[in-house]
Amino acid sequence: ATATLYVYAKQPGAAGPPLAVVRLEAGAWPARFVLDDANAMVPRRDLSSAQAVLVEARVSASGNATPQPGDLAGSVAPVDPRAAVPVRITLDRVIG
């Protein structure tokens with residue numbers, strides 16, 4: 001009941017918080033989402049300014065935004081954040 005789906009975009013190899021993130025209820029599959037500059041984590045660090053991003057999805061059983069052992073995760077890269085094309089992410093690993 002507390003499971004949360006986080007979908008976020010990160011710059012590959014860059015430290016710090018994701019460029020953009022959305023938080024969804026984990027119960028509805030498949031989940032549709034839009035990541036854009038409105039979902040920015042840090043002001044003036046826009047998703048649209050990145051050349052390519054890694055898009056990751058993670059189901060947190062606890063609802064916690066910080067990855068925890070046992071969370072399910074998947075990713076897809078590289079993604080051009082300005083191309084506005086759909087991506088499909090498969091949750092294919094368990095965080096250890």
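A residue is called exposed when its relative accessible area is over 50%. Ala 84 comes in at 73% relative accessibility, so Ala 84 counts as exposed. Bear in mind as you look around that this is a predicted model. You'll find Ala 84 in the loop between strand 4 and strand 5. Its backbone is worth a glance too: the phi of Ala 84 is near 55°, a positive value in a residue other than glycine.

With a relative accessible area of 80%, Arg 44 is exposed.

Five of them form an open sheet in the order 2-1-3-4-5, and the pairing is antiparallel. At the edges are strand 2 (20–25) and strand 5 (93–94), each of which pairs on one side only.

Strand 3 has a partner on either side. With strand 1 (residues 4–10), strand 3 pairs in the antiparallel sense over seven bridges. Along that pairing, Tyr 8 stands opposite Glu 56 of strand 3, and Leu 5 has Val 59 of strand 3 as its bridge partner. With strand 4 (residues 72–79), strand 3 makes another antiparallel pairing, this time over six bridges. Here Val 55 faces Val 76 of strand 4.

For context, most peptide bonds are trans.

## Strand 3, covered on both faces

Is strand 3 (residues 53–60) buried or exposed? Eight of its eight residues are buried, so strand 3 is largely enclosed by the rest of the structure. Both faces are covered: one side carries Val 53, Val 55, Ala 57 and Val 59, while the other carries Leu 54, Glu 56, Arg 58 and Ser 60.

The cut-off for buried is under 20% relative accessible area, and Arg 58 has 1% relative accessibility, so Arg 58 counts as buried. What does the side chain of Arg 58 make a polar contact with? The answer is the side chain of Asp 71, at 2.7 Å.

## The largest pocket

Finally, some empty space. Rolling a probe the size of a water molecule over the atoms shows where such space is left. In this model, the largest pocket has a volume of about 780 Å³. There are 24 residues lining this pocket, and the closest to its centre are Ala 31, Phe 33, Pro 86, Val 87 and Arg 88.

Key. Residues are numbered from 1 along each chain as its sequence is written. This is a predicted model: local features need pLDDT of at least 70, side-chain atom pairs count only at pLDDT 80 or more; totals for chains, interfaces and linings use all residues. Side-chain values use heavy atoms; hydrogens and water are left out. Buried means under 20% relative accessible area, exposed over 50%, partly exposed in between (1.4 Å probe, protein chains only). Helices (H or I, at least four residues) and strands (E, at least two) are DSSP runs, numbered from the N terminus. Two strands pair if DSSP finds at least two bridges between them. A polar contact is a pair of N or O atoms within 3.5 Å; within protein, one must be able to donate a hydrogen and the other to accept it, and residues adjacent in sequence count only if both atoms are side-chain atoms. On a 1 Å grid over the protein atoms alone, a cavity is a set of points where a 1.4 Å probe fits but cannot get out, and a pocket is an open set with protein on both sides within 12 Å along at least five of seven lines; lining residues have an atom within 4 Å of a point. Grid points are joined across faces, edges and corners, and a volume is the space filled by probe spheres set on the points.
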